Amino acid sequence: MSSHFQQEEVLNFPEYAATGYRHSSGLLHLDIKQQGSLPSLNSQTAPHSTPEPKKKSTAYIAVFFIKTPSHDDSGLTHALEHLVFRRSKAYPHLSTLFQLTSLTSASINASTLDEYTCFHCTSDNRYDFELALEYLIHGILSPVITQDDLTQEVYDGNHCGVIFQELKGCERKPDHLEQMQILRGDTAPQRIHCYGGVSNTLGQLTLGSIIEYHQTHYQASKIELFTVLPDNNEIAQLHGLLDKALTRLGQSKPSAKTDLSTSVAKSDASAHTSSEKGEAQTYQESPEKIYTWWLDSGYLNLILAQFDELVALVDKAGTKILAISTDFNKLQQFALRVISRPNQIQQTQETLLHYLSTQNLEPTIPDRRNPRYPEQINNIIQFHTLRNTHFKVKQCDLLEQLKQPPLSSRLAHIQTNGKKIHDNLSALKAVFSSVHEPLAIPSAICQVQLKHYESKTSSAVSGYCKQSKLPQPLHILYLKLNQLKENEHSPAFNVNVTKASQAKSEEHWLCSVSIDSDEQLTAWLTSFVLGASSLFLQPRLSGECYSIASLYLSDTKELILYSAFDINASSRGETVSNSLKGISEETAFITGALSLAKRKLQILHLAFDIDKQKELKSNLNQITDKTLVGFIREIQRLITR
């Protein structure tokens, strides 16, 4: 074990144990050990039942927790999450994150919660896991944040910005928009802020406010790292990696503030001091109001379990109960809200009290898991909740809280900005003549022998691994594209049906390339390589869209290229075609990326028997740089055609 780590605490439960280690910088590492995968931590107490024996997991999982309180609705914590991911002193290129997720077996993501920001990574391969972990620790403690990063990743004050596109997409969903209107309209002292931001509040953010927040909250002494490692021998190696990174970052001992002076671009002073507050908040005129009771978090599980019954009862009273959010305010309370006319709220309150008085009202540890997050990450988030509450729940009577007069508020009006499409393509074409960002992944990892037992993945489908599916916002466009393949003369959606088919809507672009059986491996490798290219990713890196990606669908034998929440969806096919032409000419990138892509495909097939793996390796050896370049050029030709 590194001399800078000292064992500090041990948490023992029937199904698992967690050992804590404190680094001299103040960073706390908690390693969780268990049989099989991390058990589903139930929301009431520590687990009691003994699980069935399972094979030992080979997955490496890490989650960084950083306490990030929100003080307004600007979305500052969400913005900083993105900017930490974007680049750092050690990894200065914007495409490095995408290279790691496209060319290694690592999965890297983050979640902004009401009180914490979580950065997490997983992999079945130790080398890939360590690369992801090192990328995260450097981004967390030494991000490079400039005014350009702010305008491209967050919001440019007009129509660009990754987060701006993300929020606009979310606000098109009625349920999400209503939730934001409720939170923005709540003026109570105990309100929960819109920590993810709202599209019309991002303009409040400044470079100075983001830097100051990072210096205050993103310190090693305020970081908790939770891991699940295959065996105890991995702990010392992990501590060595963390110790080396923390020493390099000047975090070998606690510090009052992190010095970002060398990583912050000194743009004009107004970028640090001014704050575009925007228009004053307005509210919707309606005879109905929002009525809120703030209840202790220990009753969250109870209300969630009884929610359907409560909805039916309240509906009979002529009011509507709103979906329960698992977010807590600073008093560790959640909101029970109804929409009601003033003359109906008393009857609604009496109905709730009467029904709940017949139930078992024992408080429990709240369940903080979110269906949007992977199960293994959710389980660690729940474990974090259990540890930090120490199984203690305030013994406040639920009925007494519900007897209090509810707080009233109105729905806030959220301005939906108009959509501006850029018709001038000359500037967009110019970016594809820029220098391609280099590969940040060391080629030496391709020389490491892959072992059959390193992975227990069961993702094999029809002889090959199954890739991630198309994002939900593109499903309707994809279905319409398939319908139009059957009727190529249909004028809708501007579809050109050949071997490659394109479709676009106001905010999404989609291209499907049919793949012959003998080209499946080449298509798979191409999807990895394109996803790591700074030329292909340029619209995402510059803030024109929320996402641009390539993926291979094995069940339908399609190579899919798409952009989502894209302000230039109408011309995205042309710019992607230009990027493919540029990539095909980047021989050094093609050589390095292809080797890494082959390695990733082999890792994803390590659960196969030895003969199958040998066959795969032999087939991959037949795919050369020239093969890949020719394939990319053919896709480019089809898209242009």
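Before you start, note that the model is predicted: local features need pLDDT of at least 70, side-chain atom pairs count only at pLDDT 80 or more, and totals for chains, interfaces and linings use all residues. Residues are numbered from 1 along each chain as its sequence is written, and side-chain values use heavy atoms, with hydrogens and water left out.

**Stop 1: the cores**

Select Phe64, Ile108, Phe119, Leu133, Ile140, Val154 and Leu561. Within the largest nonpolar core, which has 101 residues, these touch the most other members. A nonpolar core here is a set of buried Ala, Val, Leu, Ile, Met, Phe, Trp, Tyr and Cys residues joined through side-chain atoms within 4.5 Å; buried means under 20% relative accessible area, with exposed over 50% and partly exposed in between (1.4 Å probe, protein chains only). Helix H3 (residues 126-141) gives this core its largest share, nine residues. Helices (H or I, at least four residues) and strands (E, at least two) are DSSP runs, numbered from the N terminus.

Now centre on Leu133. Leaving aside residues up to four places away in sequence, Leu133 touches Ala62, Phe64, Cys121, Leu238, Leu241 and Leu242 (contact means heavy atoms within 4.5 Å). For a second, separate core of 25 residues, pick members including Leu295, Val314, Phe328 and Leu352.

**Stop 2: salt bridges**

The whole structure holds 23 salt bridges, each a side-chain nitrogen of Lys or Arg within 4 Å of a carboxyl oxygen of Asp or Glu. Show Arg387 and Glu9, whose side chains meet in one of them (3.0 Å, N to O). Arg387 sits in helix H13 (residues 375-389) and Glu9 in strand S1 (residues 5-12), 378 residues apart. Arg387 is buried, at a relative accessible area of 13%.

Next, show Arg191 and Asp73, another salt bridge (3.0 Å, N to O). Arg191 lies in the loop between helix H6 (174-185) and helix H7 (207-217), and Asp73 in the loop between strand S4 (60-67) and helix H1 (76-86), so the pair ties together parts 118 residues apart in sequence. Both Arg191 and Asp73 are buried.

Back in helix H3, Arg126 and Glu130 are four residues apart, about one helical turn. Their salt bridge has its closest N and O atoms 3.5 Å apart.

**Stop 3: helix H19**

Finish with helix H19 (residues 572-584), where ten of the 13 residues are buried. Among them are Arg572, Val576, Leu580 and Ile583.
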